[in-house]
Amino acid sequence: MNEHDSEMIAGMLSELGYVQVPDRKEASIEILNTCSVRENADKRFFGTLGQLKRRSKEDPEYMVCVCGCMMQQQHIIDRIKEKYPWVDIIFGTHNIHRFPTLLGNAIREKEQKIEIWDARESSEQELPAKRLYENKALVNIMYGCNNFCTYCIVPYTRGREMSRAPEDVLEEIEKLAADGVREVMLLGQNVNSYKGEFKNPGNQQKARLEGFVEEDGICTFSHLVRLIAGIDGIERIRFMTSHPKDLSDELIETFRVTDKLCKNIHLPVQSGSDRVLKKMNRRYDSARYLDIVRKLREAVPGITMSTDIIVGFPGETEEEFEDTLEMVRKVRYDSAFTFLYSIRTGTPAATYPDQIPEDVKHERFNRLVELVDSISLEKNLAYVGRTEKVLVEGRSKRNRNTLAGRTDGFKLVNFTIDPSAFMEKGEACSFDEIAEKLTGTFMDVRITNGKTFSLEGEAVL
Ligand code: SAH
Ligand code: SF4
């Protein structure tokens, strides 16, 4: 979500005529878009901000703008005002669209501008985004979160849940498709609780005839996915994130019948212990979670799964941590994001008395990562010999002579390609030209090796 906000900030600046520079030293404006989900992110922000002070004092043209989730917390704003008073613009998560106005005012009036809103004005303020990738796009379908997991700051920084109207989402994706986008990632903190109200009663009526709309005329997430699948040009649909408590049988059926919906799900489990899940306010237990996994795998053979896990939630015992290890062994995730529990001021869990000592958290974390990684490697090795269709993203980050792409199951594949197949008028193309030509296309790749975080392969031409 933050990444998409950054794309929109870049989009607004482009419209104003600004260009992105590769080296921050050349920038006349620097914008720090912050995350607040763990303390580490907060620390990195203040560290980076401190480094900008000198230039800010010396160069009157240079502007520092800060935004994102951290700015929605009063104690952070107070700290910036006290220790970093030279920051030029501060805005929050609910008023990104105000950035051009704030920027103009700050430049004209030569004074600091701070504007933080408590809530979003409407669900219609989508902005032009400068996409990170040409052929895949992030699309907000909803904002905020109502779940209040006891460890999490997001409901406080992103506000209450608000779904965009289905027509607005579809219109945005139709435009993206016309602009060459082949893959969309639908974004929401809990997409399974998407409830879109149709703007046009005719669309609602049509949807009802197709058997989609619930009694109260609300478009569900499954319905939205099926409507998006009807858009020409869009070939892959993904979503993030999906909360297990609201994962419906309807969505499992949607996976089964909608070819364009990628066979991959990120389903954060957080813990394998029922007592910890309850204290986290996750509102499912391990049995319900495993039942969803079973149903998904039955309906969608080969579906890949990833998850988020928190280690060292207050009061977590060794046995409860082992329940998490057991959950990982049972589900056998393709990959997992593992986090050390981090105290977030303002959340209920921050006040729980039984915080876990850092060394215990780290020791458990290392055991968990070892298990997760060994399963990822085994799963990836099982791909060797298979041919996978990948959407090419460009050159690989590590080896500039290979290309990178993602499979339907979201596996990263770094692959080689035989340049002789790209002879043009008898002359071999450069690798640059080949990479440019293939980026954004689908290619068959034969998998030759599996690593912990990626696959390796060679293009089938
Ligand atoms: N809405 C998503 C999660 C968004 S935050 C969901 O519910 O699935 C992404 C992940 O950060 C969470 O799944 C959780 O694993 C982790 N996280 C959130 N707050 C945290 C905290 N205080 N300490 C450690 N990890 C945290
Ligand atoms: Fe945070 Fe829970 Fe909302 Fe996810 S569902 S954003 S973890 S409160």
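1. An axis here is a line fitted to C-alpha atoms, for helices over the stretch in contact, and angles run from 0 to 180 degrees between N-to-C directions. In this predicted model, the axes of helix H9 (residues 221–229) and helix H10 (residues 249–257) come within 9 Å and cross at roughly 20°. H9 is therefore roughly parallel to H10 (angles under 35 degrees count as such). Helices are DSSP runs of H or I with at least four residues, and strands are runs of E with at least two, numbered from the N terminus.

2. The second largest pocket holds about 1,200 Å³ of space. A pocket is an open set of points on a 1 Å grid over the protein atoms alone, where a 1.4 Å probe fits, with protein on both sides within 12 Å along at least five of seven lines; lining residues have an atom within 4 Å of a point. Grid points are joined across faces, edges and corners, and the volume is the space filled by probe spheres set on them.

3. Among the 31 lining residues of this pocket, Ser-6, Gln-20, Ile-31, Leu-32 and Asn-33 are the closest to its centre. Helix H1 (2–15), strand S1 (29–34) and helix H2 (39–51) each give two or more residues to the lining, and H1 gives the most, with eight.

4. Residues are numbered from 1 along each chain as its sequence is written, and chains are lettered from A and ligands numbered from 1 in the order in which they are written. Local features need pLDDT of at least 70, side-chain atom pairs count only at pLDDT 80 or more, and totals for chains, interfaces and linings use all residues, while side-chain values use heavy atoms, with hydrogens and water left out.

Definitions and conventions:
Parallel < 35°, antiparallel > 145°, perpendicular 65-115°, else oblique.
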